[in-house]
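Got your viewer open and your selection tool ready? Let's take a short walk through this fold, one pick at a time.

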Amino acid sequence: LKIDLHIESLCSGYNEMDSFQIMDYQLEVCRKYINKAVYGKYNKLEIIHGIGSGLLKSEVHKILKNYNLRFFESRDGGSTQVIL
């Protein structure tokens, strides 16, 4: 299972959103995919958060820690692989 959290790939009306709304939306989508992966029959999840400033990656990693999931970053730091 794979999710790209770049806002332009998630919704079309992102130009009307401020940075806090964008982050909330991205994290909401991320949680939905984590739940889908955990409660579905998936053995891994790739979360593409991008490199950027690292704020989204940091928040994604906090969520994964709350779920007690094992994960690791890609070499370029633009995505996180989750082992389920």
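A salt bridge, on this tour, is a side-chain nitrogen of Lys or Arg within 4 Å of a carboxyl oxygen of Asp or Glu. Keep in mind that you're looking at a predicted model.

**Stop one: the salt bridges.** By that cut-off, the structure has four salt bridges. Begin with lysine 62 and glutamate 59, whose closest N and O atoms sit 3.1 Å apart, making a salt bridge. Both belong to helix H3, and because they are three residues apart there, about one helical turn separates them. Color by accessibility and lysine 62 comes out partly exposed at 45%, while glutamate 59, at 23%, is partly exposed too.

Now hop over to helix H2 and select glutamate 28 and lysine 32, which are four residues apart, or about one turn of the helix. They form a salt bridge as well, with 3.4 Å between the closest N and O atoms. Glutamate 28 is partly exposed, at a relative accessible area of 40%, whereas lysine 32 counts as exposed at 52%.

For another kind of pairing, pick lysine 2 and glutamate 46: their side chains meet in a salt bridge at 3.9 Å, N to O. This one ties together distant parts of the chain, with lysine 2 in strand S1 (residues 2–4) and glutamate 46 in strand S2, 44 residues apart. Lysine 2 has a relative accessibility of 53%, so it is classed as exposed.

Next, head inside. In soluble globular proteins, nonpolar side chains tend to be buried together. Here, the largest nonpolar core has 20 residues, and the members touching the most others are Ile3, Leu5, Ile34, Leu45, Ile47, Val60 and Leu64. Helices H1 and H2, strand S2 (44–48) and helix H3 (55–66) each put in at least two residues. Which of them gives the most to this core? That's H2, with seven residues.

Stay here and select leucine 45. Setting aside neighbours within four places in sequence, its contacts include Leu1, Ile3, Tyr33, Ile34, Ala37, Val82 and Leu84. Thr80 is also among the contacts of leucine 45, and that's our next pick.

**Stop three: threonine 80.** You'll find threonine 80 in strand S4 (residues 79–83). Is it buried or exposed? Threonine 80 has 0% relative accessibility and counts as buried, because the cut-off for buried is under 20%. Show its side chain along with that of histidine 61, and you'll see a polar contact of 2.8 Å joining the two. Beyond its close neighbours in sequence, threonine 80 also touches Leu45, Glu46, Ile47, Leu64, Phe71 and Phe72, among others.

Switch to a surface view and select Val38, Tyr39, Tyr42 and Leu84, which make a nonpolar surface patch of about 390 Å². Tyrosine 42 sits in the loop between H2 and S2 and is partly exposed, with a relative accessible area of 34%.

**Last stop: tyrosine 14.** Finish in the loop between helix H1 (7–10) and helix H2 (19–39), where tyrosine 14 is placed. Tyrosine 14 is partly exposed at 26%. Which residues does it touch, not counting those up to four places away in sequence? Ile7, Glu8 and Ile22. For a sense of scale, draw a C-alpha to C-alpha distance from tyrosine 14 to isoleucine 63: they are 49 residues apart in sequence and 23 Å apart in space.

Terms used
Residues numbered from 1 in each chain as written. Predicted model: local features only at pLDDT ≥ 70, side-chain atom pairs only at ≥ 80, totals over all residues. Heavy atoms only, no water. Buried < 20%, exposed > 50% of the residue type's maximum accessible area, 1.4 Å probe, protein only. Contact = heavy atoms within 4.5 Å. Core = buried A, V, L, I, M, F, W, Y, C linked by side-chain atoms within 4.5 Å. Patch = residues over 30% accessible without salt bridge, like charges linked within 9 Å, V, L, I, M, F, W, Y side chains within 5 Å. Areas by Shrake-Rupley, 256 points an atom, 1.4 Å probe, with all protein chains shown as cover. Polar contact = N/O pair within 3.5 Å; in protein donor to acceptor, adjacent residues only side chain to side chain.
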